[in-house]
Amino acid sequence: MPSENLRWETLEALKNSPKGKLKYSPDWVEKGEDVLAGCVEVPSLSPLSGQILKRMSPRMLLKNCSRSSSVRDTSPGLSEEAAVCRSAPISPRLKRSSCSLPAVSIQTEEEEEKEKEKAEVVAEAPAVSPEASVSTPPAVSVLSPRATQISGCIRMCEQKHKAKAKMELSLRQEQQERLVATVANHESEQLKRFEEFMELKQRQEHQSIRDTNEKEAQESLGRQEKLREEHRHRMKILNLRLREMEQQRLREVELERQRQVEGRERHRAINAIQEEVLQLNRLLQPQQSTHAEVEHAPYITRGNQLCSQLSEVVPAAADDQFPSVEDLSVAERALQEMRSLVRSLQEAVSQAAERKKKKEQEEEEEKRRQEQLKAQQEEQKKSAALSAKEKAKKEGLQTGADDSTLKWYNSLQDLANQCAQAFDDLNKAKDTQTKKIKMELQKAATTPVSQIANSSGAPLKEAFEKIDKLLSGRPVTSAGKTVSTSQHPQGLEFASYRLAEKFVKQGEEEVASNHSAAFPIGAVASGIWELHPKIGDLILAHLHKKCPYAVPHYPPMESGTSVEDYQKILGYRVDEGKVEGQDSFLKRMSGMIRLYAAIIQMRWPYSSKQGPHPHGLNHGWRWMAQILNMEPLADITATILFDFLEVCGNALMKQYRVQFWKLILIINEEYFPRYLCFASILHFTCIHWVHNIE
């Protein structure tokens, strides 16, 4: 089979040659194109043509060649190779190369597959002969079996490639459709996600709007609840005010009723007094049984004046008005004076009757009187001698206070007792509301005084203003509550009494343990005394009651007074029969004397008044003079004199200067010898003053 070997060798040579890139088209002849136009370029075969040739068996190629030679070969002188070359419209270069190629051995299956693939490429791009370019008339050419086979193979490759192209096209269409479907699905999913996002956003907006509405609703409910609570609070306040107004009205009604009852009682009392005065006036008229020596004219005149004075009071009470307490006191004084007139008249009548009897007895008793007179003169001489001796010993020192001082002392005690009686109803009240007012008033009066001890500046001024407001009837805040003396008719007397008592108690306790506290307490007490003089009198009354040496007054022991009661009068504390020690007693007396000395010399620094001190240094000079004119007592006189001079001595020296030093000389030269235990104390005090002055 030399032809097959040549064929394969030729194809192999064409495959490996650079001219193997042939392009074939069966329509060249019909279109009149030049078959050899492709020979201008370097001929070459497609890489797939070898695979086509490999797939074709040698037997099939031989059968095709024998059939084509028997049918189509008309020149017997040509060989098989020439017939093949004749039947195929290929280029002369291809013919030369195919005829001159040596025999090629049968290739393996793998090489055949490669050759088939290359043959498929050759079929896709067949070579064109140059003869086709010649414009010749169309002629029927009988191809050789080999050419026919190659042409068939080429067409098969074309169909295969067309089918493959269609398949790839269909695959690509399917891929494009899948891609379009995928993109469409992706876009639809994106559209769904966008719609879901928009729906979510819309739901969130609705939710935020709903939350805002709920929040506004809650806030509106809270505001409504707050308004309701404020309304309830206002209602409570209004109810309390209405209750207070109702209680005030009831108190006013009760006071008015009580006033009317008391007025009616005073009216009846005045009528009874007038009736009694008229009856007593009749007794002033002269009678036949009365003695002729008694003159009735002055008694009758005064009786008629008292009757006319009483008649002026009664008509004023009869005109739908009730007599006042002053009218009743005027009527009572008129009644007392009328009774005294009747008694004096009766005494005058009785005395006139007795005079006659006495005249008769006088002569008889005259001798007896002369004898008795002689005896009395002898006794008086003896007593005068004894009193002269005692007076010489004492050299003018008194055992007690003088009458004016005692009168002042008693008047202050009476004032304190009257003030205590004025709020007796408030003090003994049993209803809860009155007790509450009493406790609040007591706290408001005593708390600012307790805060004075170590304060100065703004706290001291604040305490003073609280006390001033309370005594002026203005509301004061104490322990978170507002209180005023106008809440009760007896509130002012109660607050004044407790305030004065607290001032003295501060001197008894605070000043006794802390001597420097006397000055701020004394300044506040002096300022309050200047604005409210009654408080000063009550302070003095409490001070004299607890410390009679501040008068000065050494109370004597009266007959019938027990020892415990007398010790209380002297200022000692007696608890269940036990008397306090002398040290404690002297300490308390010292604190109160120091407070009194501070009040005398201190002035309230923030006062706008420029008047005299309500209880100034002149009272301190009076106290010094009186204490030195009295007989000294053991311990107490030395203590109070030292404390008074230590606190107030410098102020007295600046005020009285030479007179004060004269007083110190009297103490040193005349008072010391009377009470030698004072010497060391007062000597130290004088040295202290001199050192301060220098």
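Q: Why are α16 and α17 called oblique to each other?

A: In this predicted model, the axes of α16 (residues 518-531) and α17 (residues 533-546) cross at roughly 130 degrees and come within 5 Å. Angles over 145 degrees count as roughly antiparallel and those from 65 to 115 as roughly perpendicular, with the rest, apart from angles under 35, taken as oblique, and α16 and α17 are therefore oblique to each other.

Q: What makes α14 and α15 roughly antiparallel or roughly parallel?

A: The axes of α14 (residues 458-471) and α15 (residues 491-513) cross at roughly 150 degrees, coming within 10 Å. Since the cut-off for roughly antiparallel is over 145 degrees, α14 and α15 are therefore roughly antiparallel to each other. On the α14 side, Ile 467, Leu 470 and Leu 471 meet Leu 492, Ala 495, Ser 496, Leu 499 and Phe 503 of α15, and the residues of this contact divide into seven nonpolar, one polar and no charged.

Q: How do you know whether Arg 657 is buried or exposed?

A: Exposed means over 50% relative accessible area, so Arg 657, at 54% relative accessibility, counts as exposed. Arg 657 lies in the loop between α21 (636-656) and α22 (658-674), and has a positive phi of about 50 degrees although it is not a glycine.

Q: What makes the peptide bond between Val 551 and Pro 552 cis?

A: The bond that joins Val 551 and Pro 552 has an omega of about 0 degrees and is a cis peptide bond; Pro 552 has its place in the loop between α17 and α18 (563-570).

Q: Where does pLDDT stay under 50, and why does that matter for reading the coordinates?

A: For the chain the mean pLDDT is 75, with 70% of residues reaching 70 or more, but pLDDT stays under 50 over residues 121-141 and over residues 677-694. The model has 64 contacts beyond four places in sequence for residues 121-141, and 27 such contacts for residues 677-694. Where pLDDT is low, predicted coordinates should not be read in detail.

Note on methods: Residues numbered from 1 in each chain as written. Predicted model: local features only at pLDDT ≥ 70, side-chain atom pairs only at ≥ 80, totals over all residues. Heavy atoms only, no water. Axes fitted to C-alpha atoms, helices over the stretch in contact; angles between N-to-C directions. Helix = DSSP H or I, 4+ residues; strand = E, 2+ residues; numbered from the N terminus. Contact = heavy atoms within 4.5 Å. Nonpolar A, V, L, I, M, F, W, Y, C, P; charged D, E, K, R; others polar. pLDDT = per-residue confidence, 0-100. Buried < 20%, exposed > 50% of the residue type's maximum accessible area, 1.4 Å probe, protein only.
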